[in-house]
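Work through the exercises below with the sequence and the 3D structure at hand, and try each task before reading its solution.

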Amino acid sequence: MKYELKKVNFEDARGRIMDIFENAPKEHCVILTTKKGGVRGNHYHNNSLQYDFIISGKMKVFGQRVGQEKIESKIVGADSWLEWDKNEAHEFVAIEDTTFITFVNGPRGGEKFESDTIRLKTPLHEAKGEKIEDILKEA
């Protein structure tokens, strides 16, 4: 998992402008909303790269490279950017109601959604020995 807190490029009385990425078009984009306590992900992609930008809210994210024991985790909030490599499992647990955008290079949209999505048998937070109710207390 690569993490970056994005910086505001320009701000005035009208609002702000923030570059999410430059010179890197993506094949698919989706906006997700997740209610507090909701869990998303718990899968990996063999052939796709995934990027997530947090618009609002707070989540605890978990990542694990396929075939490795180490599970990384980090609490992220608004303006956070995450990058997931091929064969890197990822999970999102919403600590607050959260809105984020997912960009993918590889098969993902519409009927292709499951074609490169390999589901985990055990959620990453459980494999790391964490419970949802305890994660929600990390707010």
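A charge is said to sit over a ring if NZ of Lys or CZ of Arg is within 6 Å of the ring centre and within 35 degrees of the ring normal. The model used in these exercises is a predicted one.

**Exercise 1.** Find the ring over which the charged end of lysine 6 sits, and the ring over which the charged end of lysine 74 sits.

Solution. Begin with lysine 6, whose charged end sits over the ring of tryptophan 81, at 5.1 Å from the ring centre. Then turn to lysine 74, whose charged end lies 4.5 Å from the centre of the ring of tyrosine 3 and sits over that ring. Tryptophan 81 also belongs to an aromatic cluster, which it forms with Tyr51 and Phe103.

**Exercise 2.** Classify the pair made by the rings of tryptophan 84 and phenylalanine 92, and then the pair of phenylalanine 92 and phenylalanine 100.

Solution. A pair of aromatic rings is described by the distance of the centres and the angle of the planes. Rings pair if their centres lie within 6.5 Å, and by this rule the count comes to four aromatic pairs. For tryptophan 84 and phenylalanine 92, the centres are 6.0 Å apart and the planes stand at 85°, so the pair is edge-to-face, since planes over 60 degrees apart count as such. Phenylalanine 92 and phenylalanine 100 form a tilted pair, with 5.2 Å from centre to centre and 35° between the planes.

**Exercise 3.** Decide whether tryptophan 84, phenylalanine 92 and phenylalanine 100 are buried or exposed.

Solution. The cut-off needed is that buried means under 20% relative accessible area. Tryptophan 84 has a relative accessible area of 1%, so tryptophan 84 is buried. Phenylalanine 92 counts as buried because its relative accessibility is 3%, and phenylalanine 100, at 1%, counts as buried too.

**Exercise 4.** Identify the strands that pair with β5, and describe the part of β5 in the largest pocket.

Solution. First, β5 pairs with β10 in the antiparallel sense over four bridges, and here valine 39 stands opposite valine 93 in β10. Next, two bridges join β5 to the antiparallel strand β12, residues 118-119, where tyrosine 44 stands opposite isoleucine 118. Finally, β5 (39-44) supplies at least two residues of the lining of the largest pocket, as do β4, β6, β10 and β11 each. That pocket has a volume of about 160 Å³ and is lined by 15 residues, with Leu32, Arg40, Gly41, His43 and Arg108 nearest its centre. By class, the lining has five nonpolar, six polar and four charged residues.

Key
Residues are numbered from 1 along each chain as its sequence is written. This is a predicted model: local features need pLDDT of at least 70, side-chain atom pairs count only at pLDDT 80 or more; totals for chains, interfaces and linings use all residues. Side-chain values use heavy atoms; hydrogens and water are left out. On a 1 Å grid over the protein atoms alone, a cavity is a set of points where a 1.4 Å probe fits but cannot get out, and a pocket is an open set with protein on both sides within 12 Å along at least five of seven lines; lining residues have an atom within 4 Å of a point. Grid points are joined across faces, edges and corners, and a volume is the space filled by probe spheres set on the points. Ala, Val, Leu, Ile, Met, Phe, Trp, Tyr, Cys and Pro count as nonpolar, Asp, Glu, Lys and Arg as charged, and the others, Gly among them, as polar. Rings of Phe, Tyr and Trp (its six-membered ring) pair if their centres lie within 6.5 Å; planes under 30 degrees apart count as stacked, over 60 as edge-to-face and the rest as tilted. Buried means under 20% relative accessible area, exposed over 50%, partly exposed in between (1.4 Å probe, protein chains only). Two strands pair if DSSP finds at least two bridges between them.
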